[in-house]
Amino acid sequence: MSSHKLDQAFLKEIFPPERTDAFFDALFGGAEEGAYDISLVVRDVQSQKAHLAFELQQRPGKCLVCNLTYGLPDVFQRHPVLDVAGVVRAISERLGWPFDVVSWKLLPTETITNELHAIPLVVERG
């Protein structure tokens, strides 16, 4: 199974950049309060498992490290604006995996650099 089905254009379509501002607007009452932009990227796709990540890229003049990103997997999992379950549904459909046999989980936040953190998303075909 190649990852070309999950190209960056598709990921941007199912998780558009505007969703970051909507998330911060819902969280803080204003998008300008957000310290980072969120994007969805593919790490690896195999026949039964897809590894993706929500990357948190620090915004200019903001401090990503100062924002407690380690509690975010729980927030992301439940937040209706981010709709991770809907994102997973779109990914499973794109891969031809029946959604009713797909499971997913968000792993703990990873620090890639001070300006870039990631929340891994694992989608598994059951």
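Reader: Phe24 and Tyr36: are they buried or exposed?

Author: This is a predicted model, in which local features need pLDDT of at least 70 and side-chain atom pairs count only at pLDDT 80 or more, while totals for chains, interfaces and linings use all residues. Numbering runs from 1 along each chain as its sequence is written, and side-chain values use heavy atoms, with hydrogens and water left out. A residue is buried under 20% relative accessible area, exposed over 50% and partly exposed in between (1.4 Å probe, protein chains only). By that rule, Phe24 and Tyr36 are both buried.

Reader: How many aromatic pairs does the structure hold?

Author: Rings of Phe, Tyr and Trp (its six-membered ring) pair if their centres lie within 6.5 Å; planes under 30 degrees apart count as stacked, over 60 as edge-to-face and the rest as tilted. The number of aromatic pairs in the structure is six.

Reader: What kind of aromatic pair do Phe24 and Phe28 form?

Author: The ring centres of Phe24 and Phe28 are 5.8 Å apart. The angle between their planes is 5 degrees, so the pair counts as stacked.

Reader: What separates Phe24 and Phe28 along helix α2?

Author: Helices (H or I, at least four residues) and strands (E, at least two) are DSSP runs, numbered from the N terminus. Phe24 and Phe28 are four residues apart in helix α2, so their separation is about one helical turn.

Reader: What kind of aromatic pair do Phe24 and Tyr36 form?

Author: Their ring centres are 5.0 Å apart, with 70 degrees between the planes. The pair links distant parts of the chain, with Phe24 in helix α2 and Tyr36 in strand β1, twelve residues apart. Phe24 and Tyr36 form a pair that is edge-to-face.

Reader: The buried residues of helix α2 cover what arc around the axis?

Author: Helix α2 spans residues 18-28, and its buried residues are Arg19, Thr20, Phe23 and Phe24. They lie on the same side of α2, because the arc they cover is only 135 degrees. The arc is that of the directions from the helix axis to the C-beta atoms. The value is therefore 135 degrees.

Reader: Which elements are included in what covers those residues of α2?

Author: Contact means heavy atoms within 4.5 Å. The cover for the buried residues of α2 includes α1 (8-14), β1 (36-45), α3 and α4 (84-95).

Reader: Which element supplies the largest share of the lining of the largest pocket?

Author: On a 1 Å grid over the protein atoms alone, a pocket is an open set of points where a 1.4 Å probe fits, with protein on both sides within 12 Å along at least five of seven lines; lining residues have an atom within 4 Å of a point. The largest pocket is lined by 14 residues, with Phe15, Pro17, Ile38, Ser39 and Leu40 nearest its centre. α1, β1 and β2 (49-58) each supply at least two lining residues. The largest share, four residues, comes from β1.

Reader: Ala53 touches which residues beyond four places in sequence?

Author: Ala53 lies in strand β2, and it counts as buried because its relative accessibility is 0%. Its C-alpha atom is 6.5 Å from that of Val42, eleven residues apart along the chain. Leaving aside neighbours within four places, the contacts of Ala53 are Ser39, Leu40, Val41, Arg43, Ala118, Ile119, Pro120 and Leu121.

Reader: Which residues does Pro73 touch, not counting those up to four places away?

Author: Pro73 lies in helix α3 (residues 72-78), and at 9% relative accessibility Pro73 counts as buried. Not counting residues up to four places away in sequence, Pro73 touches Leu106, Leu107, Pro108, Thr109 and Ile119.

Reader: What residues does Ser92 touch, on that count?

Author: Ser92 is in helix α4. With a relative accessible area of 0%, Ser92 is buried. Not counting residues up to four places away in sequence, Ser92 touches Trp97, Phe99 and Val102.

Reader: What is the phi of Asp83?

Author: Asp83 sits in the loop between α3 and α4 and is partly exposed, with a relative accessible area of 37%. Although Asp83 is not a glycine, its phi is positive, at about 45 degrees.
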